[in-house]
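Here's a walk through a two-chain model, written for someone who likes the cut-offs spelled out. Have the viewer open as you read.

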Amino acid sequence: MDLKLFEARLKALGAALDRWPEDEAEAALDLLTTSEAAQDLFAQVTAQDMGVFDDAGGDLSPLADRIARNL
Amino acid sequence: MANSAMTVTGEFGLVDARSDEDLFLACRDGDQVAFRVLVDRHLRMVRRLALNVLGDVQEAEDAAQEAFIAAWRARERWTPEARFSTWLHRIAVNKAIDRRRVRKAVPESQEVITRLADAEVRGAAQADALANLERSEVAVTLQQALGKLPDTQRQALTLFYFEELEVGRIADAMGCSEQAVRSLLKRGRQTLKTRLQRQKKICGYGPETVRSAPEGAGRGA
């Protein structure tokens, strides 16, 4: 998978890779492993999704505390 | 320096007018409060990035934690040439991918252990049926022994021998030091060797042909 195809699939399927066909998700992960441009695009689409859809992550303060304790 | 147009008040109400980059530069001097502000600003996005890769909330939160800790550890090497958020997001994606690989490796332990047994018996090179039988029995024994290892030892061995990750990458994936990874590998190998030798005494087969990897074998562990 190249960056152009990755971008097209991101737009079509969204950034949650578990909703992608498995072979395409694996190809996307291979690209993400090697391409910072793909990582940046992935982050952009993720941010856009978060702006459009509510994040169901709930209260993340316990996680923030856990990070602080482990520095 | 690149300045980010960030929300000054973060998710948990921490207020700081400085840019992400200025905050992270402050972290170089050990300012954990500055880092906490960065966590405040970016945790939800980092968690979502990891969730998009992993599809599992608990694993995503562990990956997010690893990403922030990796960023903290790398603070002295960071140069403010790019946005902090871009750099952090790349770390998060890589941590999540590492975790996904670990997760994939664990259910395939049967194949993994067979490969380990193959590697361990290669020196004997006995091609006859008895050797094959012994090898398969060793594989089963090895699988059982690996399954009884502490999680951290099993994870380190799996990543090193079967995912073929470098020690540094394993350290990043597991959120510990390279020295700790080497220690886990050494203890894991020793435990496996001991259990296989015990099995040999009980069953009278195997591990003349099973040799532990010499210290320093592999890729630097």
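## One helix, two sides

On one side of α4(A), A:Pro62 and A:Arg69 are exposed. On the other side sit the buried residues of α4(A), namely A:Leu63, A:Ala64 and A:Ile67. These three cover an arc of only 100 degrees around the axis, which puts them on the same side of α4(A). The arc here is that of the directions from the helix axis to the C-beta atoms. As for burial, a residue is buried if 20 or more other C-beta atoms lie within 10 Å of its own, exposed if 12 or fewer, and partly exposed in between, with C-beta atoms placed from the backbone. Among the things covering the buried residues of α4(A) are α2 and α3 of chain B.

A word on the ground rules: this is a predicted model, where local features need pLDDT of at least 70 and side-chain atom pairs count only at pLDDT 80 or more, while totals for chains, interfaces and linings use all residues. Residues are numbered from 1 along each chain as its sequence is written, and chains are lettered from A and ligands numbered from 1 in the order in which they are written.

## The two chains

Chain A has four helices and zero strands, running α-α-α-α from the N terminus on. Helices (H or I, at least four residues) and strands (E, at least two) are DSSP runs, numbered from the N terminus. Of the 71 residues in chain A, 23% are buried.

Chain B has 10 helices and, again, zero strands. Buried residues account for 43% of its 221 residues. Take the contacts in chain B between residues at least 6 apart in sequence: 63% of them join residues at least 24 apart. A contact means that the C-beta atoms of two residues, placed from the backbone, lie within 7 Å.

## Where the chains meet

Now zoom in on α4(A) and helix α2 (residues 32-54) of chain B. Their axes come within 10 Å and cross at roughly 145 degrees. The axes are lines fitted to C-alpha atoms, for helices over the stretch in contact, and angles run from 0 to 180 degrees between N-to-C directions. A:Leu63, A:Ala64, A:Ile67 and A:Ala68 in α4(A) meet B:Gln32, B:Arg36, B:Val39, B:Asp40 and B:Leu43 in α2(B). That makes six nonpolar, one polar and two charged residues in this contact.

## The nonpolar cores

A nonpolar core is a set of buried Ala, Val, Leu, Ile, Met, Phe, Trp, Tyr and Cys residues joined through C-beta atoms within 7 Å. The largest one has 44 residues, and those touching the most other members are B:Val46, B:Leu49, B:Ala50, B:Ala64, B:Ala67, B:Ala92 and B:Ala96. At least two residues each come from α1 (3-13), α2, α3 and α4 of chain A and from α1, α2, α3 (57-73) and α4 of chain B. The largest share, 13 residues, belongs to α2(B). There's also a second, separate core of 14 residues, including B:Leu157, B:Leu159, B:Ile170 and B:Leu185.

B:Ala92 sits in helix α4 (residues 84-105) of chain B. Why does B:Ala92 count as buried? Because 31 other C-beta atoms lie within 10 Å. Not counting residues up to four places away in sequence, B:Ala92 touches B:Val46, B:Leu49, B:Ala50, B:Ala63, B:Ala64 and B:Ala67. B:Phe68 is 24 residues from B:Ala92 in sequence, yet 8.0 Å away in space, C-alpha to C-alpha.

B:Ala50, leaving aside its neighbours within four places in sequence, is in contact with B:Ala60, B:Ala63, B:Ala64, B:Ala92, B:Lys95 and B:Ala96. B:Arg48, found in helix α2 of chain B, counts as buried because it has 23 C-beta neighbours inside 10 Å. Its C-alpha atom is separated by 7.5 Å from that of B:Ala60, and B:Arg48 and B:Ala60 are 12 residues apart along the chain.

Terms used: Nonpolar A, V, L, I, M, F, W, Y, C, P; charged D, E, K, R; others polar.
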